[in-house]
Every structure is written in structure tokens, then in C-alpha cells.
Amino acid sequence: MNKLVKEPSYNLIPERDLGKTPILECRRIGIDFGGLSAVDEFTIAIGRTEICGIIGPNGAGKTTIFNLLTNVYRPTRGSILVNGVDTLGMTTDEVNRRGVARTFQNIRLFKDLTVEENVLIGLHNSMNYSVASSMLRLPKYWKQEKEARERVRELLHIFHMENMTAQQAGSLPYGAQRRLEIVRSLATNPGILLLDEPAAGMNPSETAELMETIRKIRDEFHIAIMLIEHDMKLVMGICEGIAVLNYGRIIAKGTPDEIRNNPVVIEAYLGKEDE
Amino acid sequence: MSVFTTIIKQLINGLQSGSIYALVALGYSMVYGIIMLLNFAHGDVIMVGAYIAWMMMARFAANPIIALIAAVIGCTVLGVLIEKAAYKPLRQSPRISLLITAIGVSYFLENVAQLVFGANAHVIPTFIDDTPIQLGQIAIPTTALITVIVAGISMVALNVLVKKTRMGKAMRAVSEDAGAAQLMGININNTISFTFAVGSALAGIGSVLYCCAYPKATPTMGSMLGLKAFVAAVLGGIGSIPGAMAGGFAIGIAEALVSSAGLSEWKDGVVFAILIVVLLVKPTGLMGRPMTEKV
């Protein structure tokens, strides 16, 4: 599975993560929808504590990439390695257990469940008691449920949501729903967190707070974060590496400064001059 | 006074049949909640449960408790098998294919039962000492009391399972957004199988309780019972667990009240009239979620 093929490096892995297996690696992946290639030749490697951004105009295939990384879609070509293991043939939940968690562009919380229950869903795989032990209320059930609930409290505390535990997720204010999605994903104990437009619908001060939160997640959980975002201030502010996507292909890769001054990127966003 | 005692007596009857309907309706509602399938084979699972109870008690002279356990295990296994063999391969198919398959499975089970056990009813020996308990002027039949108690315990256990355990939460998460649940690491196939197992186990309990009241097993006994439980599930709001419980009791009591008015031959008609009225007036039922199409 773990092929030790040396591929030409297209990567921007930060120095501290060099020499370790990348948490996520895409090797020339592509997907066709009815003859139309939505993503093609997508190659990237993400360091274990890297914050990386994917930007690009609408319809460039950014969310498709997230769906490929989580095996919601199967790539037509290429391979995806999570923690050095090829995810070919895995189900979405297996990929999650291997360490990939995500949030959604249009929030997809379990709205009828409480805040605590939403996070407990993320902790589902950290518990393993049986139906019998839950019905007979054996010590294993109590112990694991208690530990899980404590973990929920810790996680919610980090995101200043500990006073919302019993509320229905659907009734939370918008910003809190976004944060809860992140907490729920973190509960699955991922190695990499995929954030799909985390700043969508936020005002500048909320966005600034979100930037702090993302850094805090990386520093406290020691995980990698990959985000899709339109808010350039956020992307340029926190990402170490940025990949620019247009028509399903990477047109540029580099540090925020390199991207900002790249003529190809400027053209993709603003159109060509003199035409 | 005698009118009063009659009504009380009919209410007790209503609670007895209502708790059976509720147990069966739960299976319909839970399965619908998780894969949007009206599992019309569910009633026939009860029929199989009744045959298992009959075999255990009439053939092997087993203790009723052992018969109950055997019926529950048998129904659970059957429910999971049906899901794996008939519904799982159609997970990606249009819902109508699933529905037609469910009807097919229902006919299949009825005909297999007829082939194996014959078309005649098998009488189950009375296994509960039926001296009624006197409360003043009102006599409460022991079977009614046992039925209501057993059904009540089962529903409390189900509630604990759904609200307080990881499996229950996974079920609720999958029924709300299967895709998101899977991305949080929940194994959808296991969760669906588990839902069928729980629904069928409740049907197994229901089958034995049903045999307390009507002690015979026939190949088609499941269809009317299943249909009425389906009406109960729709009345309560299909997909809703408390709704299925409420709907079951409501249907049972409605039937009993119709009977006590001396119109017992109208019983079935009234149940289906309720279905029509619910579908016309409040299609989401008493406690159902409002229908919203996912975009």
C-alpha cells in the first residue's frame, strides 16, 4: 500500500514537518463527471502541522477536492494517501477513522440533537461498549460515557461553548454553529481537519477571531488544517502554503507572498489586461 | 355505573392492543427514519415471531419466558437478514424499488410460512393464568396487565437506548443526515442493521404479546396487524419514536371505543379513516418533523 516512490516534490511542507510522513498526500488525482474533468492532476502533500489553503474562483473544484479526500467521490485517476496509507476502496467513515475530519460550507450539524450530543457523535468511535453493557448498565458503559462527556466538556471549553451543552444545535446562533461543527470534527480525533469556507457569512471581527481559533487548533491539537476560503485576508493571514485552483487544475502553489504576486493568479481572479 | 365500567373495560382493552400496535409501529417508524423505507415486511416478521412462540410452547413445551426470548432472537435475526439480503443491495436505487421489494418480501414470508406450517391456524396453548384482577367493580385481565407492563418496559429500554447510548445517538445522527454522520466516522451499514435489529426485536416482543390476546398463528396474521401499526406510525408522525408510541395507543383506544359503542364491525374502517384524515389534514402526523427537502 505505502509505495515508496519518489515523486517530484510540488510541496510546501514547512521545515518542522519535513522528514515525517505527510498527513495527507494526493498524487495526480482527477475525477470526471460525465466526460467533463472536474479536477485533474491535483498533487499536493500536507505536513503534519501545516495550515494550508485552497483558493480559486467559484466552480474551480475546491469542494470537489474535499469530497475526494473524504472518499465521498472516488477519484477517476491518481491516489490519495492518508498518513502514508492509500485510501482506495475505503468508505467515508473509514477515512475519518484514519484521521480526516471536515466541516461543511453549508453547516450540516445534527440540528435536532443537543450540542453535547453532536460532539458525542464525533466521539462515537472512541467508545466501544456493547448494547448489552448499556442495557444492563455495566461499569464499562458508565466509565466510557463519563469519559466521553468529560472530553465533550473539555472540547467545548476550548471554544467557549461550555454553557451551551444542553441547547439544541439548530437553535444556536450562526457563529456558534460554525464553531460547533469544528468541535464535532475535532472530537473524531483527526490528523487533518478540512474546513470548507469557515469564514463564510462572518463579519471582519468574527473572521479575525476565527483566524486565532484556527491557529489555536493547530497549536493545541498538533494537527494539520486545510481550508477552502474566499476571504483573502484570512487565507493570506494564516496559511503557510496556498494552492490556487482554476478549472479543476492547480495553477499556482506557494507561500502567501508568492501567490499574491503571481501574474497567473491575478489573471485567474481579475481577468487578463488589455483584452 | 354499568356504562362506566364498560368504558373502563374497553379502555383497558384499548391499552392492551394499543401497546402492541405501539411496539410494532416503532419498528416502522425507526426504519423509515433511517432509510426512508416503509418496511411492509415488518408485519410478517411478527407472524414469524408468533410461529416461533407457537413452536416453542406447543412443540417443545417451553416456558413462556423462553418462548419470548426465542421469538425476540428469531425476529431480530430475521429483520437483519431481510435488510442485508433485500434492502442493502438497493441502497442507491429509487425509493419506489425499495418499497416494492418490501412488499415482495412480505409475500415471500407469508407464502413460506404457508408452505412450512400450512394455511390452518395453529393454536397456541394459553400460557398465562387468566383470572382477572378485581379492582372494585372493574376486572382487569391478567394478559392486559402483563402486555401493558412488558410493552412499557420495552419502550423505556428503547428510550434509554436511543437517548443515552452511542448506538442510539448514531441512529439519530444517521436519520438526520447520513452523509454528515458518515464523515464523522459513523459506519452507516452497521447503524442501519442495528436499527432493523432493534425494530425487529420489538416486533418479536409484540408477537408474543399479541399471542397472549389472540392465541393463534396464521400465515397472514401479520398483514392486518402490520397495516394498523403502520397507521399508528403515520398518525404519530412517521420517523418519530415518541410519535409511534402515542400513535399506537391512540389507535388501540380508538378501536376499543368504537367497539364499546357497539360498532365492533366498524373497527378496521375507523382505523383506516384515521389514516385518511391524518394524510389529508396533517400528513406529518402528531410529532413528525416538517418535511423539508434537502438541497
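pLDDT is the predictor's confidence in each residue, on a scale from 0 to 100. In this predicted model, chain B averages a pLDDT of 90. Of its residues, 98% score at least 70. The model as a whole scores ipTM 0.87 and pTM 0.89. Chain A is divided into two parts, domain 1 (1-99 + 192-275) and domain 2 (106-189).

**Contact between chains A and B**

- The chains meet through 19 residues of chain B and 23 residues of chain A.
- By class, the chain B side that touches chain A holds 10 nonpolar, four polar and five charged residues.

**Domains of chain A**

- The centres of domain 1 and domain 2 of chain A, taken over C-alpha atoms, are 27 Å apart.
- In the contact between these domains, 10 residues of domain 1 meet eight residues of domain 2.
- Helix H2 (92-98) and helix H7 of chain A each give two or more residues to the domain 1 side.
- H7(A) makes the largest contribution to the domain 1 side, four residues.
- The domain 1 side that touches domain 2 comprises five nonpolar, two polar and three charged residues.

**The four-stranded sheet of chain A**

- Four strands of chain A form an open sheet with antiparallel pairing. Their order is E2-E1-E4-E5.
- Strands E2 and E5 (85-86) of chain A are the edges, and each pairs on one side only.
- Strand E1 (residues 24-33) and strand E2 (residues 36-46) of chain A run antiparallel, joined by seven bridges.
- A:Phe33 has A:Leu36 in E2(A) as its bridge partner.
- The hairpin of E1(A) and E2(A) has two residues between the strands. In this hairpin, A:Gly34 takes a positive phi near 55°.
- At the other pairing described here, E4(A) and E5(A) are antiparallel over two bridges. A:Leu81 stands opposite A:Asp86 in E5(A).
- Helix H1(A) lies across E1, E2 and E4 of chain A. H1(A) runs at about 65° to E2(A).

- A:Asn71 is a residue other than glycine, yet its phi is positive, near 60°.
- A:Asn71 sits in the loop between helix H1 (62-69) and strand E4 (77-82) of chain A.
- A:Asn71 counts as buried because 24 C-beta neighbours lie inside 10 Å, and the cut-off for buried is 20 or more.
- A:His222 is not a glycine either, and its phi is positive at about 50°.
- A:His222 sits in the loop between helix H7 (204-221) and strand E8 (224-228) of chain A.
- A:His222 is exposed because it has 10 other C-beta atoms within 10 Å, where the cut-off for exposed is 12 or fewer.
- In short, A:Asn71 is buried, whereas A:His222 is exposed.

**Reading the model**

- Where pLDDT is low, the predicted coordinates should not be read in detail.

Definitions and conventions:
Residues numbered from 1 in each chain as written. Chains lettered and ligands numbered in written order. Predicted model: local features only at pLDDT ≥ 70, side-chain atom pairs only at ≥ 80, totals over all residues. Contact = placed C-beta atoms within 7 Å. Nonpolar A, V, L, I, M, F, W, Y, C, P; charged D, E, K, R; others polar. Domains from an automatic or database assignment. Pairing = 2+ DSSP bridges. Axes fitted to C-alpha atoms, helices over the stretch in contact; angles between N-to-C directions.
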